[in-house]
There are 2 protein chains.
Amino acid sequence: MEDNKAIVIFQPSGRRGDVPKDVTLIEASRLLGVDIEALCGEKKKCGKCKIRVEEGLFEKFGIQSSMSHATPWQEEEEKFINEQEKKAGYRLGCVAKVEGDLLIFVPEESRAGKQVVSKKARDIHIDHNPAVKVYYVEVDPPTFEEPTGDFERICRELEKQYSLSNLKIDFFTLRQLPMALREGDWKVAVSVWNDHEIIRVRPGKAEASYGIAIDVGTTTVAGYFCNLNTMEVVDTVTLMNPQCKYGEDVMARITFHMTTADGLKRMSDDIIEGLNWIIGEAIKNTYPPKKKVKKAEGEDGPEEWVEVPEKDKTYLRLSREDVEDVTICGNTAMHHILLQLNPEYVGLAPFPPVIHHSLDIKARDLGININSGSYVFVLPNEAGFVGADNVGVLICEEPYKSDEIQLLIDIGTNGELVLGNKHKLISSSCATGPALEGAQIQFGMRAAPGAMERITIDPETLEVDYKVIGRDAWRQYSEPKEMKAKGICGSGILDILAELYTSGVVTKSGVFRKDQKSKRYRRNPENNQPEFVLAWAEETSIGKDIVITQRDVRQIQLAKGALHAGCKLMMRRMNMDKLDKIKIAGAFGTHVDRTKALIMGLFPDCEIEKILSVGNAAGDGCRAALLNRAKREEANWVSRNVEYIELTVEMDFQQQFMECMQVPHMKDEFPHLEGVVPPEILHQK
Amino acid sequence: MEDNKAIVIFQPSGRRGDVPKDVTLIEASRLLGVDIEALCGEKKKCGKCKIRVEEGLFEKFGIQSSMSHATPWQEEEEKFINEQEKKAGYRLGCVAKVEGDLLIFVPEESRAGKQVVSKKARDIHIDHNPAVKVYYVEVDPPTFEEPTGDFERICRELEKQYSLSNLKIDFFTLRQLPMALREGDWKVAVSVWNDHEIIRVRPGKAEASYGIAIDVGTTTVAGYFCNLNTMEVVDTVTLMNPQCKYGEDVMARITFHMTTADGLKRMSDDIIEGLNWIIGEAIKNTYPPKKKVKKAEGEDGPEEWVEVPEKDKTYLRLSREDVEDVTICGNTAMHHILLQLNPEYVGLAPFPPVIHHSLDIKARDLGININSGSYVFVLPNEAGFVGADNVGVLICEEPYKSDEIQLLIDIGTNGELVLGNKHKLISSSCATGPALEGAQIQFGMRAAPGAMERITIDPETLEVDYKVIGRDAWRQYSEPKEMKAKGICGSGILDILAELYTSGVVTKSGVFRKDQKSKRYRRNPENNQPEFVLAWAEETSIGKDIVITQRDVRQIQLAKGALHAGCKLMMRRMNMDKLDKIKIAGAFGTHVDRTKALIMGLFPDCEIEKILSVGNAAGDGCRAALLNRAKREEANWVSRNVEYIELTVEMDFQQQFMECMQVPHMKDEFPHLEGVVPPEILHQK
């Protein structure tokens, strides 16, 4: 390594490379293709480019390197970084410069082009019956005639007033009991878990209690912070899964565990830290924001942090102890890694999980920093590849209560399918891979500003119209340089195959037709691969044409082929030839154009109006379990009453898969497209 | 402080004082009246004088002192002190010298004149039904047709073979499950707690499991290490309660908590450390002892520790993970301090405990270092002054199953009384104080070699005959200098009042008669107090006469008066005028001479054959709860069905107490003494 260069690694993206010494961390990030927010243009005025310097962690990544540092702390950073953050290694990216090898963590809020996470809580119906309920009791103080102990004293009253019998008490809660009773002058608010165990005792009148439902996705973690009494979603906090640095998908994480001595513990510690961060954020947001301002003594006086409440807004001002219940869902691998259960066999045929059943784990045993007596409820798993997140979808959508035959599709990094109705439900998983989310596509990107999210191709002219995230006007209504396209995100990718096919650019089998007149079609001079230009360089912010290549089309076909074949094989198993309803869960579902999905053959035929997006149903189900404990029993029941089908062992799986990679014959396979697409497209061969 | 002196404190006795610098620690101990074992006469050959130097702990005791040290480590200590002990601060008392202020801990095994602890497990009948049982199961490995998870797989088999249903699994045990199953080739031994929760999974065939019942006394802690399958008591390990350094009795400990910020935590940490030590000793004793011996290469070669197994003895070679269950009893204050429950109100009228009910606490939550999934069962409390130890006595003796009217007396540092039969039981406590154990008596001492344990006085000559611990021959069969008496222990003290009275040395009211001819009776020249010589200086090892003083007699009267008055008031409450049986629990009971106890009026009249010593019934009850879980339910039932009576609030308590301090009129009050003691004594007034 030259003396004037240094290695810098940015987390969580994992991007690394040499940069010249003495550049700012923002400049380094730009050199390595990492986007850090810098609204003020690096004028040290906005404080948005906060990052965390994680020196000393190099060995963790197996890199031999002498430790070195960023340039020293500058006074101008103090305005934006408080004492605690400073201790944790926070710096302003536009101030600190590279002096040697560095490991940098870019916090979610400092990432430019933040992912547009569609993990908002939906307005779903939930019966109010939380596992944690608060009861107010007043008891008589002990006397010589009646010197009964504190615990039995409140139990007697809880039984008399609320018919709660045979109560236990958490050991740590018991330690608080004598003081709470006497501080509250023998009046206390008692939090009871599942009518069974006292998990908190507060002096005085009952106040609200809170809980959080957390959907631990392979890529994104979303927490829904709820008032357990009103069921209101007080806050939604999302975070990129900190395990992303160990690998993008489930198998990569399992491999990391198998190849690294303490890999499982490290990944578990990271996600637990992430969950604690989410809870911390939710708590922090119950206080007014703080600003650093000058004290009264004039311009040169010292500064201090003061609260700046918004007008007419009341702040709950909660503490971690006010979080009294947690529910967690995630796919089986995320479930196992979180709980430090060996995930090895989940990745190995026949993929048995360590446990199906839900778990009630003391938060302290898991390292979750909330009220010490509280439990974490972890939803049950269906199978090795259909996990607790899918159970979340099921208890949210309740197909087992329906007469209609429903197909539930949940596509994250893996595809999970459930088919059936109240008589029978089967589930399966399919290896869609991450192509439909933009990975493995040359110009694929996350759903972030500049991403092409809608794409149409005129069948006559083969001209492309499109819309990017962050700009309302489509290409045809804009000047080229206004578009600033950067790449294609998942929803754009979902449009492409149908558009390429209906405009005749590709054949049924996904091959680019060679007889095309449009200058958008061309061969890449480097590898001679056919490609089709979606946006010309002048319309982009990256200075080059954004294209879709033959290889990209194949990746999309592989993904959609796996999904469609899975659906077909499941229908065959159930002897079904039609679907009453298709429900698509996840961010994926909110973006899909149903007609185009049918045209490209993403899944089998269904009445278009009956194809529904159900949002983050996994998270909603997790929230339902938080607010209604009956849902927890339901989750265990359904997790053992959905039959898991391993499709890859079907005799003709390979043939079905190959067939489904093609664009299907719409007239024969999609009668519901009749009247929806022009006849010439419907009858196309 | 002079420069050539240093402060040395010895724990657990708490003895402290100045000693000259450069004396050995053994010499220092002798100067301060602490006995350290030194069989070889300080020739550095026996290794019995191991002590632990606890420098740096001075501030803990509020002493301002510059830290300083013992002389450096010497090679000759290596023979007796291994690497781990060396790290913990162990030294040989005959090698290390005082260089400055020191805090020294003398471990139990290094204390000369070790207390003769009568805490052996008795042979009592217990039905075999332990809370932890081990089940062996073989399961089929998972297949594509049957990919059920590991947990559900073993549950199914446990249900099929052993009818165990709805099992849960400890979270930490779950983490071991996948490896145990695969290491054992799908055959595992599963430990199940209360037919309810899996707490351990071992690969392969079922082996034995072990548990320990621990009686946490104010002064002595005794652990009974048992095989849960055979119920055999594998080992009994005792320890002086490490909290003794904070105060001898319950009230002193409660006061320490109230006057010291982290007092409760410190006392709790100390006893938890003590429990872990006891468990560690029991484990250690399952291996052969080790000796340091020369390696083969000749006299100058290096040494190593090797096992020296006893002939024909098999060693279990257990680990802490093999300890799968723990039961604990203790008085209410010990119970609270152990669990870090505020003990303040137990010491404050009307003395309500924090909890009566038994507790099942995860060993890890309590800091007990055994199998990670295991529970500690803590017996329930009856009341503030009648604790879980008394419940242990009750479930051992089962007076609630008897027609006979029984009086159960448990005298440790406090006296606890239970009276009744299967129709009704009441309990109470009386402040006997520690006089009957030898404290507060001028020449009182613990039951250790040299203690006078049996004393008789000839009514004619007033000559004293006695026996000391460690010597079989009585005084009258020995040369004076052979006796080497040191003091009087509890059982000797129990003899004295009856002997002094029947020989006419004291009156009914405990006053020394002035008209005595024996030269043993005299007045102390310093304070003019009457005293009676029990052993002349030449018979002692302390070089002075051992006497019983008027003040000593008063202390004994106070103690026995409190006990007798308690019994009488309880009988009045129950409208009873006679007792069918008296059972005396504790070390106290094993030493009491029943006739003399009646003569002095220790408790009300009862047929002498029906006065029984039941040994450490608290510990036996605790062991019954370990080996038979039905006893745990019984404990909870009885703890709430014994009515606690606060005797001190009785109108005429003071008068009863005063009356009972006297030696009673035997003929009237003790008809059962007729024919047992000579008529002239029986009719004495």
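Predicted model: local features only at pLDDT ≥ 70, side-chain atom pairs only at ≥ 80, totals over all residues.
The contact between the two chains comes first. Chain B puts in 42 residues, and chain A puts in 42 residues as well. Put together, the chains bury about 3,600 Å² between them, and carbon and sulfur atoms account for 67% of that area. As for salt bridges, the count between chain B and chain A comes to 2. One of them pairs the side chain of Asp365(B) with that of Arg364(A), at 2.8 Å from N to O.

Moving into chain A, helix α5 covers residues 250-259, and its buried residues are Val250(A), Arg253(A), Ile254(A), Phe256(A) and His257(A). Viewed down the axis of α5(A), these buried residues fall within an arc of 155°, so they line one face of the helix. Their cover includes two other helices of chain A, α6 (263-284) and α7 (332-338).

Another helix of chain A, α16 (residues 630-641), holds Arg632(A). Is this arginine buried or exposed? Arg632(A) counts as buried because its relative accessibility is 4%, and the cut-off for buried is under 20%. Setting aside residues up to four places away in sequence, Arg632(A) touches Ala131(A), Trp193(A), Asp325(A), Thr327(A), Phe377(A), Ala625(A) and Leu626(A).

Gln406(A) sits in a strand, β18 (residues 406-411) of chain A. With a relative accessibility of 4%, Gln406(A) counts as buried. Which residues does Gln406(A) touch, not counting those up to four places away in sequence? They are Pro399(A), Val418(A), Leu419(A), Gly420(A), Lys581(A) and Lys583(A). The side chain of Gln406(A) also has polar partners: it makes a polar contact with the side chain of Lys583(A) at 3.4 Å, and another with the side chain of Ser402(A) at 3.5 Å. As for Ser428(A), that residue is 22 residues from Gln406(A) in sequence, and the two C-alpha atoms are 14 Å apart in space.

The last stop is back in chain B. Arg475(B) is found in the loop between β22 (464-468) and α10 (480-483) of that chain. Its relative accessible area is 18%, and Arg475(B) is therefore buried, given the cut-off of under 20%. Once neighbours within four places in sequence are left aside, Arg475(B) is in contact with Val464(B), Asp465(B), Tyr466(B), Pro480(B), Met483(B) and Glu539(B). With Glu539(B), the link is a polar contact between the two side chains, at 3.4 Å.

Key. Residues numbered from 1 in each chain as written. Chains lettered and ligands numbered in written order. Heavy atoms only, no water. Contact = heavy atoms within 4.5 Å. Buried area = accessible area lost by both parts, 1.4 Å probe. Salt bridge = Lys/Arg side-chain N within 4 Å of Asp/Glu carboxyl O. Buried < 20%, exposed > 50% of the residue type's maximum accessible area, 1.4 Å probe, protein only. Helix = DSSP H or I, 4+ residues; strand = E, 2+ residues; numbered from the N terminus. Arc of directions from axis to C-beta. Polar contact = N/O pair within 3.5 Å; in protein donor to acceptor, adjacent residues only side chain to side chain.
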